[in-house]
Amino acid sequence: MPRAIPSSRQRLTAVANGFTRARPEHGTSNTVQFLDIAFHALYVDPAAKRQEHTEDVPMRSLSHPPSTVARAALEAGERVPAGALSPEVARSWERCLAGGLDPTRRPDEAVIPFAEVRVRREEQALLRRLALAQMQLLHQQIAGSNFMIAFADAGGVLLDTLSDPHFAESEAGRSIVPGSVWLEGGRGTNALGLALVERGPVAVYGREHFFACHGHLSCMAVPVFDPEDRLVGLLDASSSNEARQQHTHALVRMAAAAVENGLIANGRSDVLLLALHPRAEYLDTLSAGLVALSPEGEVVSINRAARALLAGLDAGAGQTFDALFEPGFGSVVDELRGHGIARVRDRAGSMLYIACRRFAAPPVMSSPAPAVRRLPAPTATPSADFVCEDPLLWRRMRGLSAAAGDRLAIHIHGETGTGKELMARHVHALSGRGGEFVAINCGGVPESLFIAELFGHDRGAFTNARSEGAPGLLRLADGGTLFLDEVGDIPLTAQTALLRFLDTMEVRPLGGAKTAKLDVQIVSATNRDLAAAVAARQFRADLYYRLNGLSIEIPPLRERSDFSAIVRHLLARHAPGASISDVVLERLRRRPWPGNIRELQSWLRRALIEADAGGITEPSCEDAACEVAQTCAQCAGSPLDSSRCRRIRETYAQSGGNIQATARRLGISRTTVYKHIGD
C-alpha cells in the first residue's frame, strides 16, 4: 500500500512542533505565529499563489536538492533534466547561461564604495530602522546556527549584515558585506537576486546556486513591499548548506511582513489604523490585514494581507471605507471606541472582524524646510542653543516634530561630544510639554542604586536610604521628558524594570505599595553600538526596540558641513564680539576632532586665553590643540594630572568609547572616566 503524502498543513505543523521543541523559550505563541505566517504564505499570499505548484517550493527543495546529473549537465553545457530543479531556479539558470556566465568560474564580486552605501542608507532611513530591528530578532531566534542575516535595497545592494562569528570569518561571510551587489546578472543564481526577479520569497540551497563556488551556501530571501506595493528592500538569511533549518524561511517571511506593517504604522500620524481578519483571534498576528484610514474614512495605505482578504474589491489608496464595508464608517468607529472590536461585512459578502491598532491623532506641524538656519533654543539657558545648518542632520531630523508630539520614544546616537543632550532638549521643546526636562547619566549611577534613583523609594526601603524617601526621576519627569544618557550602560537588572515601565507607564517606588500612572516622554542616547550590545546579550533586545521608536544619528564634527557656523557660534558664547581668522578656521576644519564639539569648545577656550583682544588670528594656536585634545580643561595646566588624564582618554578611545570598559580596564569608577572625557 503506497504511503500517504502529508499535506502542506501537516508538514508545516510538524516543522513548527519541532521548532518549539528545539527552542522552548519562544513558547506556544511563537509556534502559532509561525504556523499563521506559513499558512498565510501558502493560502493567502498572492506571491505564493503565483507559483506553479501548490506545494511550498523551498520546503520541497530541502528533501530534493539538485541532482548530481543536473549539476554535471550545467557545467558540461548540456541540457538540464526537466524536474531536477524548482521552476524558479531552472529559469534563473537559463537566464545566467543566456547572459554568458560560466558556472565553473568565480562571479564578478562587485562592491560599491561605502560612501554610496551611506547615501543609500539615508534614503531608506525608516525602512532600514525597521529592518534592523527585525534582523536583531531573527538573529536571536537562530543564534548559534552559523547564520548571517542581511538587509538589501531594491537595487540588490547589501546595506547591513548581522552574523554569527563563525560565519562572519568564513569565505562566504567575507564576501557578503555591506556594499556588495547581488544581482543575478553578476552573481548568478542567488536568493537575493532571484527574489528581485520573482518579486516573491525564494530559497536557493547548496548546488542550486549557479556558480559552483557558492555550492556550500543556503540562502533564503524575502522581498519587502511598501504600502504602494513597490518592492523597496529584501531580507536574507544565509548559512552553510549543512546548517540550514526548515523553519528559518518562515521566520524570514514573518520578519518581512513585520517590516511592511511598520512602514504603514510609521506613516502619517493622523490616520486610523485598523487590523482585519476573518477570525478574531488572528487580529494580533502578522496575517491580519492592516488598513490606514484618514479621519474622513479614506484609505491612505493598505498591506498585502488586507489586499488578499479583500480580493475582488478596489481596495487601493483613495477608496472609502463605506465603499468596502458595511455598516458605515462612523458607526464602526463608535463601536471600536466602545468595545475595541467590531464585526463588518465587506462588499463581496465576507464577514470580517476589525480591531483598532491606533486611533487618529490630531495633525502635527511638520519640521520647517531646510532653508531654516538655526533650530529654536529649547530653554532659556545658552547651553541649550545649538546650530543646525547641516543638510544631512536636517534630513535625519525629519519626523522629529511628529514623533515628539505623539510621545514616541526617541533614541539619539553619536560619538561622544556631538551634542546628544542638546538634541534631547530640542525634542523636549518640540513636544510642547510643560513638565521638566530631567536627565540621568546611566553610566554615572552605581548599579545598586540605579532602580531607586529612577523609580524612587519610600523611607527605610533599604540601607542608607533617605529618611524622607525620594520621588525618583521618573516622577520628576511626569508631564515632561526623561533623558537617559549613555543608555547602553543601564545595568541588566534595571533594564527589566525600565521595560515594564515603558509598557505600562506605571511606577511604584521601592518599598512602596501604591503605583502611579505617569506621562513621560522618553529620550535616550549613547555612543555605543546598541545593536551589537543586543547581539552580545549585553542589552535586552525588547528594551532596544522600545527605545528606538525614532532613531537619530548625529554626525561627528569632522563630517558636519556647518563646521564654520558651529565654531563662530561657540566663539560668540564664550567671548561675544571675538573673531577668528579664515586661515585658522580652515586649519581647524581639517582636524579629526575625536572629541567632537566638546573638544572644539575646549580648544576655543584655551585659544581665547592666549589670543589677542581682537580674536583668534594666529595659526600657531593650532600647536596647542594636540595637548588640549589629549587632556580635559581641568588637567591641562598640571603635568601630573595631564598624564593621568591622557591615559584615561586614550583608553577610552581604544575601547571604542565604552565608559564601562574604560573604567574596568583602568580600575577606576565610571564617574572618574566621565570627569575626564566630559570636557
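Trainee: What is the accessible surface of the protein chain, and how is such an area defined?

Mentor: The accessible surface comes to about 30500 Å², and 52% of it belongs to carbon and sulfur atoms. Accessible areas come from the Shrake-Rupley method with a 1.4 Å probe, and for residues only the protein chains shown count as cover. This is a predicted model, in which local features need pLDDT of at least 70 and side-chain atom pairs count only at pLDDT 80 or more, while totals for chains, interfaces and linings use all residues. Residues are numbered from 1 along each chain as its sequence is written, and side-chain values use heavy atoms, with hydrogens and water left out.

Trainee: Why is Ile-440 called buried?

Mentor: A residue is buried under 20% relative accessible area, exposed over 50%, and partly exposed in between (1.4 Å probe, protein chains only). Ile-440 has a relative accessible area of 4%, so the residue counts as buried. Across the protein chain, buried residues make up 52% of the 679 residues.

Trainee: What makes a residue a contact of Ile-440, and which residues does Ile-440 touch?

Mentor: A contact requires heavy atoms within 4.5 Å. Leaving out residues up to four places away in sequence, Ile-440 touches several residues, among them Val-445, Phe-450, Glu-453 and Leu-484. The C-alpha atoms of Ile-440 and Glu-453 are separated by 9.0 Å, and these residues are 13 apart along the chain.

Trainee: In which strand does Ile-440 lie, and what makes a run of residues a strand?

Mentor: Ile-440 lies in strand β13, residues 437-441. Strands (E, at least two residues) and helices (H or I, at least four) are DSSP runs numbered from the N terminus. The protein chain has 31 helices and 20 strands.

Trainee: Why are β13 and β18 said to stand at the edges of their sheet?

Mentor: Two strands pair if DSSP finds at least two bridges between them. The open sheet has 5 strands in the order β13-β14-β17-β12-β18, with parallel pairing. β13 and β18 (550-553) each have a single partner strand, so one side of each is left without a neighbour in the sheet.

Trainee: How do you know that β12 and β17 pair?

Mentor: Strand β12 (residues 410-413) and strand β17 (residues 521-526) are joined by 4 bridges and run parallel. The definition asks for at least two, so the 4 bridges make them a pair.

Trainee: What kind of peptide bond joins Glu-326 and Pro-327?

Mentor: A cis peptide bond joins Glu-326 and Pro-327, with omega about 5°. Pro-327 is placed in the loop between β9 and α16.
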